[in-house]
Amino acid sequence: MVVSISEEHFEDVPDFDYEPQYVDVGELDMAYVETGGSEGNGDAEETFLCLHGEPTWSFLYRKMMPTLAERGRVVVPDLIGCGRSDRYEDRDDYTVEMHYDALRTFVQELELTNITLVCQDWGGLLGLALAADEPERFARLVPMNTGLPDGTQEMTDTWHAFAEMVATAEDLDIGELVANGCYRDLSEDVIDAYRAPFPDERYMAGARTFPGLVPQSPDDPGADLFADARDRLAAWEKPAFVLFAKEDPITADNRDPLRGLLPTASDQPDVWIDEAAHFLQEDAGEEIADRIVDFVDRT
C-alpha cells in the first residue's frame, strides 16, 4: 500500500521555505525542492543534485542551499519513504532496485544534466551508482560520508548496532537518531523537523529498512549494482572531491578507499571536515557549501 504524507506535518519546519514539487516515478511521487538557477541556460547550467541519506530528508541541505544557489540550480529530492515523498507501508516493498529506479526516473524526468552530485550516506550509494551508469549527465562528484558496499566490505560494530536498533526499536525516534549523529547540538525545533516526515509507525517503513538493504554478501540484492559502479568509477575522468567528516564513526573508514578508487580525487585538496560527524551538512553546512563552490570554480 502506498502512503502519502500531508503537508500539515511540515508547517512548523524552520528555515526551509521552499515550495515542494513532485515527480511521478512510477506508482509513487518523489518530492523535491529547488532554488537558484536562471532561465535559458539549458544544458550549460550548473546543477547541484543534493542527495540525503538515512533517515533524513531534503531539510538536511538547508544550510548549503543558499550558497550553492548563488552558483547554479540546486535540486534536492526526498528519497522514497522520506520527507514529503510517497512511501510504501510494507517493508518488503523497499529494495535497492526500487530506490535506484526511483532516483534514475527522477533525474530523467527532470532532464538534469551538467550535474555536480553532492551526496551523503544512502544518497551516495544511489547517486554514485547512477553517475557510473549515466556519466553523460554528470560533470563532477562530491561524495561525503558514504561508500559503495558490494558485499565484500566489513561493516563496523557501530554500524551493526545502528542497523539492529533501527530495524527493531519499539519506539524509533528519528529526531534523536539524527541528533546523535551530529557533532554539534541541535535545537529542539530542528530535531522536530527531522521527526516531521514520520508522525507514526505507518510512515516509517522506509527509514526502518535502509540499513538492512546494505549488501552484506556479494550475493545480496544490490551488490552487483554497487560492484559495477565501483568498476566504472575506477575509470572516472571527470573531477571528484571526496569530503568526509573527521568525527563520523560510521563511514570515516570509507574515505581513503573511496578517494583511492576515484582517479581524479587526488587532484583535489586532501581535507577532512573538522568538528563534524555523520550528518556533516548539519554540523558544517556553510563551510562545505563554500568548499564545493570553490571546487566547481577551479574545475
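R137 is found in the loop between helix α3 (122–133) and strand β8 (138–144). Helices (H or I, at least four residues) and strands (E, at least two) are DSSP runs, numbered from the N terminus. The model is predicted: local features need pLDDT of at least 70 and side-chain atom pairs count only at pLDDT 80 or more, while totals for chains, interfaces and linings use all residues. Residues are numbered from 1 along each chain as its sequence is written, and side-chain values use heavy atoms, with hydrogens and water left out.

Is R137 buried or exposed? With a relative accessible area of 16%, R137 is buried, a word that here means under 20% relative accessible area (1.4 Å probe, protein chains only). Apart from neighbours within four places in sequence, R137 is in contact (heavy atoms within 4.5 Å) with V107, Q108, E111, L112, T113, N114 and I115.

The strand β8 belongs to an open sheet of 6 strands with mixed pairing, in the order β2-β3-β5-β4-β7-β8. Two strands pair if DSSP finds at least two bridges between them. The edge strands, β2 (21–24) and β8, each pair on one side only. Strand β7 (residues 115–120) runs parallel to β8 and is joined to β8 by 6 bridges. Within β8, L141 is the bridge partner of L117.

Key
Buried < 20%, exposed > 50% of the residue type's maximum accessible area, 1.4 Å probe, protein only.
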